[in-house]
Each structure stands twice: as C-alpha cells, then as structure tokens.
Amino acid sequence: MIKKLAGSVVLALSLTGPSWAEDVSILVQSTTSTANSGLYDYLLPIFKDKTGITVNVVAVGTGQAINNAMNCDGDVLLVHAKPAEEKFVTEGYGTERTDLMYNDFIIVGPAGDPAGVAGMTDVQAAMAQIAAGGALFASRGDDSGTHKKELELWTSAGVDPATASGDWYRSTGSGMGATLNTGIGMGAYVLTDRATWISFGNKQDYTIAVEGDEDLFNQYGVIPINPAKCPSVKAEPAQAFADWLVSEEGQAAIAGYKINDQQLFFPNAPQD
C-alpha cells in the first residue's frame, strides 16, 4: 500500500458541544466508493450513538457530488478529487477542506491478461501497453474521482483514449460497481479504487494486474458546506460530523473497518 504524509490543515474539534435531539439529521454528498465499500454502514452508527445525529448519504460520482453541494443540496461533502475540492473551497462553497483518509487505485484484468500487463508497477507504461495492443478497457466515463484520475493517467501515458472510443476504449457512464460488472462481462481492464474491489462480489477470474505506483495514490477529503453560500445548511451538526471524522476517535474507527482482515481505508487527517 502506498503511503504519503498528511497535510497541515486541522479542523477544530467540537465534539463536546450540545446533546443533539434525536431528529437532527444531516446529508452528506459522497463519492460512491465510501458507500459501496460498506464504510458508512460501519461508521455512521458509531457517530449516531455518540451524538444522536443521523447522517444520510447521497452516493454519486465525485463530479456530481460537488455539483450537488454547489446547488446547496447537502451539509457535508466527502469525495476524492483534491484539486476540485480545493476549487470548491476557494470559490466559497466549503468552509474548509481537510485530508481524511487514503487508499489507492488499481487496474484489474482477466486471468488471460491480453495486454501482458500483469505484475507491472508503472501505471503509465501499463496503460500505454493496453492502448498499443488494443486490449479492451472499460471506463466509468462519469466525471467521478476515479474517472478524473483515469484521464490524468492516460494523459501522462501519452494516450488520447477518445480516439478509440467505441473500439477498444468503452465508456459505461456508470458507477464503479456497474463498470466493474460491464468490464468483467466484456473481458476489459478496469481502473478501480481498492476498497470497492475488495468489497466487490463478482470478481470471476479477475485479479489485480497493476498496482503500487505512487501515481495511483487516492486521497479523500471532507468539507463542511458553507452556510454563507447555502443558508439551509445545518452548520453545527455538519461541523460536528466533520470534526469527529478527523478526530482520533473517528480516525481509529476508519482504520478499524476491514473486510476479510483487509483494511480498506487508511486515516491521515492531521492531528493537533
């Protein structure tokens, strides 16, 4: 697993504040991987037991989650496309962004490995080899954080996949689970986050083909939505949720979430 140092932004903790009424709820606009992996099913009951706050989640691609938050549909944003997140805050839609946790992206492929990339750790070289051989590749094509990362990797590999759209490059316009199902059905390589892959049930003969490159690092961030932009935001419980996630207790809870003894997310929120 790739490791990187945490940043320096610290959210002030306010978890010793008011006791929340049972009917207080907030809405998190979230990337799909945190939901599909089961992380929220694990974390949110712990947070509710502590605070009484119910957290509801809308799980969509990162681009859509950010658009929803900009339309004031939600109280907290939790996604994985750091430049877009920083832009969201700079434009005043979020109060503050902090690193929350990380894992990594991987490329999975069929046992037959038609592109001959299995075991490679240079992701750009592997993607260039997939393109050169015309091996099928299934893309989410949905402006999600994973899709943004995939396009970044194609660019750095010197490949324009748009020129092969409908040929070896297939865009699903779907979420991660649906794209994995489609890719596996057609024998295509797929870029996915590791957490979704670990929790994915329809692997068939697929295995991890490419992993370990530092360019596959996958950082998640949490941002309370700014009530100055969105007066309907439930600012205090939203901040309490963000504070808990980056607290020692929240970070320990994230680290404790495992499937088959495999840790899915690695907390890296800066601690004061």
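On a 1 Å grid over the protein atoms alone, a pocket is an open set of points where a 1.4 Å probe fits, with protein on both sides within 12 Å along at least five of seven lines. Its volume is the space filled by probe spheres set on the points, which are joined across faces, edges and corners. The model is predicted: local features need pLDDT of at least 70, side-chain atom pairs count only at pLDDT 80 or more, and totals for chains, interfaces and linings use all residues. Residues are numbered from 1 along each chain as its sequence is written, and side-chain values use heavy atoms, with hydrogens and water left out.

The largest pocket holds about 290 Å³ of space. Its lining has 15 residues (an atom within 4 Å of a point); closest to the centre are Lys82, Pro83, Lys149, Glu152 and Phe217. Helix H4 (82-90), helix H6 (145-156) and strand E9 (217-224) each give two or more residues to this lining. H6 gives the most, with 4 residues. Domain 1 (25-95 + 225-267) and domain 2 (104-215) both contribute to the lining, so the pocket lies between them. These bounds come from an automatic or database domain assignment.

The chain has 10 helices and 12 strands, taken as DSSP runs (helices H or I, at least four residues; strands E, at least two) and numbered from the N terminus. Its C-alpha trace spans about 60 × 40 × 30 Å along the principal axes. Of the 272 residues, 52% count as buried, meaning under 20% relative accessible area (1.4 Å probe, protein chains only).

Conventions:
Buried < 20%, exposed > 50% of the residue type's maximum accessible area, 1.4 Å probe, protein only.
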